[in-house]
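Look at how this chain packs.

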Amino acid sequence: MADPTEKERLDVVEPKVVVLEKTVAVLVAELDRVSNRLRVLEMRLSGAGSGDNEDFDALDEDVADIVEALRRAWDAEQEVLADSVRVQVRKEVAEFDGLKTRREASKAKIAAGRLTRADHMRLVHDVDQLDWQIGAQGGSARDAAARLAADERAAEEAWRQDAIIAGEKAREEIWAAARARIDRALAEDTRLPVWFRIGLGEITNPDPAPWLLAATGLVAYRLEYGVTDPVRPLGPIPSAESGSAAWVRRTEVYGDVSEQLKGLRP
């Protein structure tokens, strides 16, 4: 049997080439479509949306009243000790009072007489030691007692009580408002702020719940405490040194949100 001619071979190959060319064209078009879709998704995940710039810190009418209630609660709690601090201050005062009670009891036994020489010397030594401890701790104990007295006076003021109760309700409302802002921004594909992207990074997948929880806490924190730093997500580090309920709570919330943000990092 004679070998096929060149023309016969081309007649067989050319249809296959045409089919391959069409297949490649379809694959190239599909690859372009997927690539474009991936770029859009990457932009959304990174916060670089295609819409307007998002301002999560804006005190619009939807949060203005809530933030005002939080500001009043902040002012009210400046002179009120945090519960944990109050426990420690009370303990310090009680320990100091205990020293004085022990000293007076030892003095009473000495004054009553009818003691052996050894017991008398022991009690005199105890009194001397207690006198030294009382003298060393007297200043801080008086300060602690003054803090407790000021705390009690502040806690009894009606305007503070009302503001603190309203603040507790406002914290729930600011959390809901923060979540609503995030949901809207994601739905509208707005461009998220730099501080937001720095703090949260890309949306976690397949489970976005930790990302959304941290994002809501971050936005709520900034709204409640008036943080407007354009780069640092949580702004300056707060201090609980004063012991006030306002600063202790802020410091605790700062720590909680910070840990959530760290947990999102690989």
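The largest nonpolar core has 35 residues. A nonpolar core here is a set of buried Ala, Val, Leu, Ile, Met, Phe, Trp, Tyr and Cys residues joined through side-chain atoms within 4.5 Å. Buried means under 20% relative accessible area, exposed over 50%, and partly exposed in between, with a 1.4 Å probe and protein chains only. Phe56, Ile174, Phe196, Leu200, Trp211 and Val219 have the most contacts inside this core. Helix 2 (64-76), helix 5, helix 6 (194-200), helix 7 and helix 8 each give it two or more residues. Helix 7 supplies the largest share, ten residues.

This is a predicted model: local features need pLDDT of at least 70, side-chain atom pairs count only at pLDDT 80 or more, and totals for chains, interfaces and linings use all residues. Residues are numbered from 1 along each chain as its sequence is written, and side-chain values use heavy atoms, with hydrogens and water left out.

Not counting residues up to four places away in sequence, Ile174 touches Val63, Ile66, Val67, Leu70, Ala220 and Leu223. Contact means heavy atoms within 4.5 Å. A second, separate core has eight residues, including Val85, Val93, Leu148 and Val248.

Now step back to the whole fold. The protein has eight helices and zero strands. Helices (H or I, at least four residues) and strands (E, at least two) are DSSP runs, numbered from the N terminus. Of the 266 residues in the protein, 33% are buried. Among contacts with a separation of 6 or more, 77% join residues 24 or more positions apart.

Which residues of helix 2 are buried? They are Ile66, Val67, Ala69, Leu70, Ala73, Trp74 and Ala76. Their cover includes helix 5, helix 7 and helix 8. The 13 residues of helix 2 should span 18 Å at 1.5 Å a residue, and its end C-alpha atoms are 18 Å apart, which agrees. The expected span of a helix is 1.5 Å times one less than its number of residues.

Helix 3 passes the same kind of check. Its 30 residues should span 44 Å at 1.5 Å a residue; the end C-alpha atoms of helix 3 are 43 Å apart, which agrees. Val85, Arg86, Val89, Val93, Phe96, Leu99, Arg103 and Ser106 are buried in helix 3. Helix 4 and helix 8 are among the elements that cover them. After helix 3 comes Gly113, with a positive phi near 75 degrees.

Is Asp151 buried or exposed? Asp151 lies in helix 4. It counts as buried because its relative accessibility is 3%. Leaving aside neighbours within four places in sequence, Asp151 is in contact with Glu79, Val80, Leu81 and Arg86.

Next come the empty spaces. Rolling a probe the size of a water molecule over the atoms shows where empty space is left. On a 1 Å grid over the protein atoms alone, a cavity is a set of points where a 1.4 Å probe fits but cannot get out; a pocket is an open set with protein on both sides within 12 Å along at least five of seven lines; lining residues have an atom within 4 Å of a point. Grid points are joined across faces, edges and corners, and a volume is the space filled by probe spheres set on the points.

The structure holds one cavity of 30 Å³ or more. The largest cavity has about 40 Å³ of space. Its lining consists of Leu70, Ala73, Trp74, Glu77, Arg171, Glu224, Tyr225, Ala246 and Arg249. Helix 2, helix 7 and helix 8 each give two or more residues to this lining. The largest share, three residues, comes from helix 2.

The largest pocket holds about 260 Å³ of space. It is lined by 17 residues, and Glu77, Leu81, Asp83, Ala245 and Arg249 lie nearest its centre. Helix 3 (83-112), helix 4 (117-155), helix 5 (158-188) and helix 8 (245-263) each supply at least two lining residues.

The second largest pocket holds about 200 Å³. Its lining has 13 residues, with Trp175, Gly217, Ala220, Glu224 and Val253 nearest its centre. Helix 5, helix 7 (209-225) and helix 8 each give two or more residues to this lining.
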